[in-house]
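Here's a quick briefing to read alongside the model. Have the sequence and the 3D view open as you go.

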Amino acid sequence: MALLELFPNYIWNLSVAIAMESGGQIGEIVDMCQPIRDAAASGADAGTPAFMKQWAAMGEKLIELAAEDEARGHAISASNKLERASLYLITAERMQGHGAPGREATYSKARDSFDRSTALGQINRDRVEIALAEGTMPALYTRAPGEGRKPVVVYCNGLDSCKELLYWSRLPEALARRGISTLCVDQPGSGEALRLQGLPVDPHSERWAARAVDWLESQPDVDPARIGMTGISLGGHFAPRAVAYEPRFASGAVWGANHNWREVQDKRLMREGENPVPHYWAHVMWAFGANDMDEFLVKSEAMNLNGHVDRIRVPFLVTHGAEDRQISLSYADDLYDQLVNSPRREKVIFTAREGGVEHVGADNMAYGRDCIADWFAETLGGNTGST
C-alpha cells in the first residue's frame, strides 16, 4: 500500500494521509504524531483525546505565528499559517466522537481560521448560504477566471468530510485552471449543516442538489446549461442519485463509487472493510439523526443506487482506487454497468502504476483530481490545455 503508516491502525493513518494531501507540512505532522504513537496502539477510538490535544496545539501555535505575521504586515504569510491551522483543527475535530469535550470549540476555531485565511490571502473562494426547505446549505464558491458565463461543478461531501476539505483536495483549483467554477457544499449530514444546524443526511440528494442548481442559475457568471455534479467517498451515492433525478445537470462523476452503502453497513457489522473515522457507529447515528442502531439501519435503506442510475442520460465518469480498503471495487463495476442510458460512460480504476489506489486517493489525490477535472473540461466545454 502507498498510504503512509505512522500508526498501527488504518483510521489514524487515513487522517494523516488526508491532512498531508490537503496541504499539511510533513515536519509539523511528524511533530504532532510522534508523541501519540503509543496512544494509537490501544485502538482507533481510545486514543482520540490524545490526538485532539496534539493536533489542536499545533493549530493554536500556527494561529499565534499568523498573528505575528499579520502585525508585521505580512498578510499572505499569515494566511498560509491560518490555512494549516484550520486544517489541523478540522482533522483533530473529525477524529472525535459526537459530544466529545472540546469538539465544538475546536470546530469553531477551525472555521474562524479558515475565514481569516480567506480574507488575508484574498483566496478565490466566497462563502455562500443556499436556502433549503429547512435551514441552509453553507458552501464555498470558487470562480473560474475571465469574463462571461462559465461552466460550474457542484462538489459534495462524503460521510465525514466538510467543504473546507473539498476545497483542500484542490479540485476547485484544477477546475478553475480549466475554465470551470466550483461550488463545494456542506450538504445535510456534513460539515456546518450537521454540526451547527443539526440537519441529518438526506439520501434523496436531488432535493438539496436542486437548490444548489437554483442558486447557480441566479448567478450572472454561470452558464446554466453547463452545470455538473461530483462527490467524494459517500458522495459516490449522492452525486449519481442527484444527476439521475435532477435533469438540469449536464455531466456527472464520482471520486470513489459508493453504489450500495446500505450493504456496506452489513459488512462493517461483520468487520469486513475499514471504517473511515473513530467512533464509527456513533458518528453515523449522529449524521443520520438516528437514536439507535435499528433506526439508523432503517434510515440507511435508501442509500442504495440499484434501480436509479439507469435514469442518468448525461455523460458520467466512475473512478475508484484498486486497493480501496473501505469500499469494494465491485461497486464501481455496479455503477458503471447500470449507466445504460448515459451517452458517454467511462470507468477509471487507479492502480499502483500511477497511484491513488486507496479510498478516494488518500495516498495520492493528484490522479483523481486531474482525471475528474479533465472529464468536466471535456463534457462541460472547459479548457483541457490542448492547442
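β1 and β2 make a hairpin with four residues between them, and G135 in the turn has a positive phi of about 75°. This is a predicted model, so local features need pLDDT of at least 70 and side-chain atom pairs count only at pLDDT 80 or more, while totals for chains, interfaces and linings use all residues. Residues are numbered from 1 along each chain as its sequence is written, and side-chain values use heavy atoms, with hydrogens and water left out.

**The hairpin strands**
- Strand β1 (residues 126–131) and strand β2 (residues 136–142) pair in the antiparallel sense over six bridges; pairing takes at least two DSSP bridges between two strands.
- R127 has L140 in β2 as its bridge partner.
- Helices (H or I, at least four residues) and strands (E, at least two) are DSSP runs, numbered from the N terminus.

**Aromatic pairs**
- The structure holds twelve aromatic pairs. Rings of Phe, Tyr and Trp (its six-membered ring) pair if their centres lie within 6.5 Å; planes under 30 degrees apart are stacked, over 60 edge-to-face, and the rest tilted.
- F51 and W55 are stacked, because their ring centres sit 4.9 Å apart with the planes at 10°. Both lie in helix α4 (residues 48–71), four residues apart, about one turn of the helix.
- F51 and W55 are both buried (buried is under 20% relative accessible area, exposed over 50%, partly exposed in between; 1.4 Å probe, protein chains only).
- W261 and F296 are edge-to-face, since the ring centres are 6.1 Å apart and the planes at 80°. This pair links distant parts of the chain, with W261 in helix α12 (residues 261–269) and F296 in helix α14 (residues 293–299), 35 residues apart.
- W261 is buried at 2% relative accessible area, and F296 is buried at 0%.
- Ring pairs also tie F7, W12, F51, W55 and Y88 into a cluster.

**Cysteines**
- The disulfide count is zero, with a disulfide taken as two cysteine sulfur atoms within 2.5 Å.
- C33 is in no disulfide: the nearest cysteine sulfur, in C162, is 18 Å away. C33 is buried, with a relative accessible area of 2%.
- C184 has its closest cysteine sulfur in C162 as well, at 10 Å, which is too far for a bond. C184 counts as buried at 0% relative accessibility.

**Surface**
- V30, in helix α2 (residues 26–33), is partly exposed at 31% relative accessibility.
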